[in-house]
Amino acid sequence: MKILAIITDTFRELLVRKTLIGFLVFNVLGLVGIAIFVNTGSIASVATNQKQTMTPELYEKIAEMFEVAVMSIFYIVLIFISIFSTASVIPSVLEKGTIDLYLSKPLARWELLFGKILGSVLVVAANVGVFMLGAWIILSIRLGTWNTGFIEAAPVLLFAFIVLYSIVVVFNVITRSSAVGIIVTYVHFMIISSALANRDKVFSFTDNKFWRGVIDWVYYLLPQSAEQSHMASAFIMHNDITTWYPIWASSIFAVVMFALAGWMFQKKDF
Amino acid sequence: MENTIHLDMLVKEYSKSRRAKTRALNGVSLEVGRGEIFSLLGPNGAGKTTLIKLLLGIAFPTSGGGSLLGKPLGDTSTKSRVGYLPENHRYPNYLSGEQALRYFARLSGMSGGVLKSRASEMLMLVNMQEWSKVKIRKYSKGMMQRIGLAQAMLNTPDIIFLDEPTDGVDPIGRKEIRQTLIQLKERGTTIFLNSHLLSEVELISDRVAIMNKGDIVKIGTVKELTNTNSEYVVTVAGDIAPAISAIGTLAAIVSTEKNHIIIRVDSIHHLNTVADALRAASIDIAEIAPRRETLEQAFLNLLEKVD
């Protein structure tokens, strides 16, 4: 009941801050963009003119590749917007004068933190769901093939957000603000994660075993956001998933980060 | 009297930097009984708000401990019997007054019809029905205080902590808040008050503690704190000149004003000697009463001595 009240309040807060409207506008623009994209250029040409000249298997593969392209762009934009939109949810609770009110209620500290995290995740989940469903319908109608792999990729996108959001939450609790969490998460997502995913190329700069070992350790410890994008692509392409490591290792990372945030929040003086 | 608050050598240190620490509370021990209006006075930084935060588990003691309503400090379940109006409280400004009350009532464990009726009742009590649908960001400071007070009383608490409850409230509003607090006391609610408005504290408090630099330097009833032990006001009917000459050197005359003579004596026997001298000189005595300071004077004098 209390957690439900906190989740409802998170939705209301994001609605009033125009975050939900922002998400809606983003979804509508994104879907309109996809509709334009599939009706012009190469997709339109493939879907209307060249379909007859291809084998069904080849056509499906090309259709899946278009879907991967859409998902890959959305993956980056989604993470950016979602992290930015939800990063201030917890700091707003931690403001002086507000946190005192919450902590004077018969509410465990973990309930407050968990309620706010869950509220943020549900807002992003709704956004991901609406966009992926809309994009799937548009792409499927235009391409004439209903690839359920596109929908199966949606939970991977949400998972990627949750893992990165765990970093934001830790910095929210430490600094009581959103800025540091956003910067660290963006740096990891855009630079570190991509660099580590291509660490074979990084290794070409050094033969030093020690540094190679350090880079390997960092790779295995930090969330593998780039690989999660590849997994989402594999779902769409119906490729075999060679390793679930990016999911379970990142799950452990997220659990540790949320637990760390919870522990610090539990001990913190306000 | 059953104790609502029991504190035993409560110490709170905050880290200024990695090495330097500052003490906000220096081993505070305190008992507050059920149904009391207990006020905490002190200059800024005396440790008043820190004390409330430790009582409610908003911050944690460095050492020492205590109980609130018979449970250890910070116990979550106890908070369903506690109301709190923090200083400079900030409600989610995207909510209206009514929404804020309902939200915090839910967090207090209330639900359904009780929640709605209690929220309306409280809005009425603090005269905020007209503004109940307006967003909090449009409220004045006084309105915020009224909503804060309503929020603190929502769950019919056994003890209510009020940190500067009349801050920003006009004189009429202050009087209403005072009356509300007296009604709460009549119902058996313990009231723990932090206020800079000493005249108000004087009007309603059963006991007062004065804090300075993390210590409770004096505690007692308002009468005890404002009583100047050896000074009495002698009020005479008619001219005071004959009375002054009758007192002569029997007692030190501190000051005179209209038909009042303030004298300093060593004991009650000494006072009676003065009274006898006045009667012997056929002076009509209208009243002899111990001289009292205002709470503000007592507070300032005490802090001067301590510093």
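A salt bridge here is a side-chain nitrogen of Lys or Arg within 4 Å of a carboxyl oxygen of Asp or Glu. Keep that in mind for the tour of this predicted model.

**Stop 1: a salt bridge in chain B.** Select Arg81(B) and Asp158(B): their side chains meet in a salt bridge, 2.7 Å from N to O. Arg81(B) sits in the loop between strand S5 (71-72) and S6, and Asp158(B) in the loop between H4 and S7, so the pair ties together parts that are 77 residues apart in sequence. Arg81(B) is partly exposed at 36% relative accessibility, and Asp158(B) is partly exposed too, at 28%.

**Stop 2: another one in chain B.** Now pick Lys185(B) and Asp206(B), whose side chains form a salt bridge at 2.7 Å, N to O. Lys185(B) belongs to helix H5 (residues 171-186), while Asp206(B) is in the loop between helix H6 (198-204) and S9, so this pair links parts 21 residues apart in sequence.

**Stop 3: the sheet.** Show chain B as a cartoon and find the open six-stranded sheet, with mixed pairing and the order S6-S7-S8-S3-S9-S10. S6 (82-85) and S10 (215-220) are at the edges with a single partner strand each, so one side of each has no neighbour in the sheet. From one strand to the next, the twist averages 15 degrees.

Zoom in on S3 (residues 37-41) and S8 (residues 190-194) of chain B: they run parallel, joined by four bridges. Click Ser39(B), and you'll find its bridge partner in S8(B) is Leu193(B).

Next, bring up helix H1 (residues 48-56) of chain B, which packs on the sheet and touches S3, S6, S7, S8 and S9. Its direction makes about 145 degrees with that of S8(B). Helix H4 (residues 141-153) of chain B packs there as well, touching S6 and S7, with its direction about 165 degrees from that of S6(B).

**Stop 4: across the chains.** Glu95(A) is partly exposed at 30%, as is Arg90(B) at 43%.

**Stop 5: a nonpolar patch on chain A.** Switch to surface view and color Ile76(A), Ile183(A), Val187(A), Met190(A), Ile191(A) and Ile192(A), which make a nonpolar patch of about 490 Å². Helix H10 (residues 179-197) of chain A supplies the largest share, five residues. Finish on Ile191(A), a residue of H10 that is exposed, with a relative accessible area of 53%.

Definitions and conventions: Residues are numbered from 1 along each chain as its sequence is written. Chains are lettered from A and ligands numbered from 1 in the order in which they are written. This is a predicted model: local features need pLDDT of at least 70, side-chain atom pairs count only at pLDDT 80 or more; totals for chains, interfaces and linings use all residues. Side-chain values use heavy atoms; hydrogens and water are left out. Two strands pair if DSSP finds at least two bridges between them. Helices (H or I, at least four residues) and strands (E, at least two) are DSSP runs, numbered from the N terminus. Axes are lines fitted to C-alpha atoms, for helices over the stretch in contact, and angles run from 0 to 180 degrees between N-to-C directions. Contact means heavy atoms within 4.5 Å. Patches are made of residues with over 30% relative accessible area and no salt bridge: like charges are joined within 9 Å, nonpolar side chains (Val, Leu, Ile, Met, Phe, Trp, Tyr) within 5 Å. Accessible areas come from the Shrake-Rupley method with a 1.4 Å probe; for residues, only the protein chains shown count as cover. Buried means under 20% relative accessible area, exposed over 50%, partly exposed in between (1.4 Å probe, protein chains only).
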